[in-house]
Amino acid sequence: RRVVYKKYLEKERPCTKDFLYEFSKKHIKILEAYRDDLCKEARIDKLSDLDDYDEKEIAELLAKALQSIPPGGDSASDYHSLMVGVVEFLFFPFLDNPVKEQEINEGRKRIDIVMDNAARSGIFWKLGNARQVPCGKIPFECKNYRTEIGNPELDQLAMRLSWNTGMFGILCCRHFEDRSLFVKRCKDAWRQQKQLLAPLDDKTILIWINLIAKGKRNVLDKMIQKLIEEIWE
């Protein structure tokens with residue numbers, strides 16, 4: 001029996017962009033099967049490229065990095081950059097392709113982070129299909145404030161939403177002095193404008209990261225659903 005190692009395959013079939021393009025074009029069914037496998041692996045708490053140890057290590061590093069950044073304007077850029085990696089890690093594989101400072105309205109406005117909704121199951125699939133909430137693109141606004149998050153910050157995120165790209169967005173911040181009041185403001189936006197806005201603070205992020213570190217990524221979809229259902233009740 002011959003053993004084939006990855007390094008030998010890389011020499012014979014180099015993973016270049018041209019090779020991947022030609023392969024994908026010629027073998028569409030293989031590509032579709034690969035995507036389906038990724039979704040199945042996600043549902044049984046497995047990743048395609050990361051094993052349990054990798055996930056645990058990355059989760060611990062992200063948690064440590066988040067806790068090391070002080071709130072305030074001086075660290076706003078560091079927080080923003082870190083959150084790109086945090087949201088990509090948390091929402092994999094349902095959201096992908098994070099873009100930092102995405103321009104909208106012909107460059108007159110920018111969104112801190114925008115991700116594509118690639119979900120074929122779970123809460124992000126239900127949003128667009130069962131709940132009929134447009135969410136092909138999901139914007140994130142990142143606020144590294146020491147003070148309370150209020151209506152101006154919520155309104156800023158709401159202005160990034162549209163029926164063409166999506167009516168669901170997430171506001172990332174360090175903490176809430178009165179989270180229940182902020183949730184009430186989110187509920188107002190949902191009832192009055194059908195804009196679904198969800199809060200995501202450090203406390204929630206660290207809980208989710210800790211779940212992944214413990215090998216419990218499969219329960220994360222339910223945690224995200226609980227966060228969203230808190231708004232549309």
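How far is the sulfur of Cys 173 from the closest cysteine sulfur, and which residue holds that closest sulfur? Before you pick the atoms, keep in mind that this is a predicted model. Now select Cys 173 and Cys 172: the two sulfurs are 7.8 Å apart, and Cys 172 has the closest cysteine sulfur to Cys 173, yet it is too far for a bond. A disulfide would need the sulfurs within 2.5 Å. Searching the whole structure turns up 0 disulfides. While you're here, note that Cys 173 is buried, at 0% relative accessibility. Cys 135 is buried too, with a relative accessible area of 6%.

**Next stop: the rings**

Select Phe 91, Phe 124, Phe 140, Phe 168 and Trp 208; ring pairs link these residues into a cluster. The count for the model comes to 5 aromatic pairs. Zoom in on Phe 91 and Trp 208, an edge-to-face pair with 6.2 Å centre to centre and 85 degrees between the planes. Colour helix α5 (residues 76-91) and helix α9 (residues 202-213): Phe 91 lies in α5 and Trp 208 in α9, so this pair ties together parts that are 117 residues apart in sequence.

Now slide over to Phe 124 and Phe 168, a tilted pair at 6.3 Å centre to centre, with 50 degrees between the planes. Phe 124 belongs to helix α6 (residues 122-129) and Phe 168 to strand β4 (residues 168-173), so here the pair ties together parts that are 44 residues apart in sequence. Both Phe 124 and Phe 168 are buried.

**Then: the strands**

Go to cartoon view and pick strand β3 (residues 137-143). Of its 7 residues, 6 are buried, so β3 is largely enclosed by the rest of the structure. Phe 140, a member of the ring cluster, has Ile 170 in β4 as its bridge partner. Bring in helix α7 (residues 151-158), and you have a right-handed β-α-β unit made of β3, α7 and β4.

**Last stop: charges over rings**

Select Arg 131 and Trp 232. The charged end of Arg 131 sits over the Trp 232 ring, 3.8 Å from its centre. Finish with Lys 194 and Trp 190, where the charged end of Lys 194 sits over the ring of Trp 190, 4.7 Å from its centre.

How values were computed:
Residues numbered from 1 in each chain as written. Predicted model: local features only at pLDDT ≥ 70, side-chain atom pairs only at ≥ 80, totals over all residues. Heavy atoms only, no water. Buried < 20%, exposed > 50% of the residue type's maximum accessible area, 1.4 Å probe, protein only. Phe/Tyr/Trp six-rings, centres within 6.5 Å; stacked < 30°, edge-to-face > 60°. Helix = DSSP H or I, 4+ residues; strand = E, 2+ residues; numbered from the N terminus. Lys NZ or Arg CZ within 6 Å of the ring centre and 35° of its normal. Pairing = 2+ DSSP bridges. Right-handed = clockwise from strand over helix to strand, strands pointing away.
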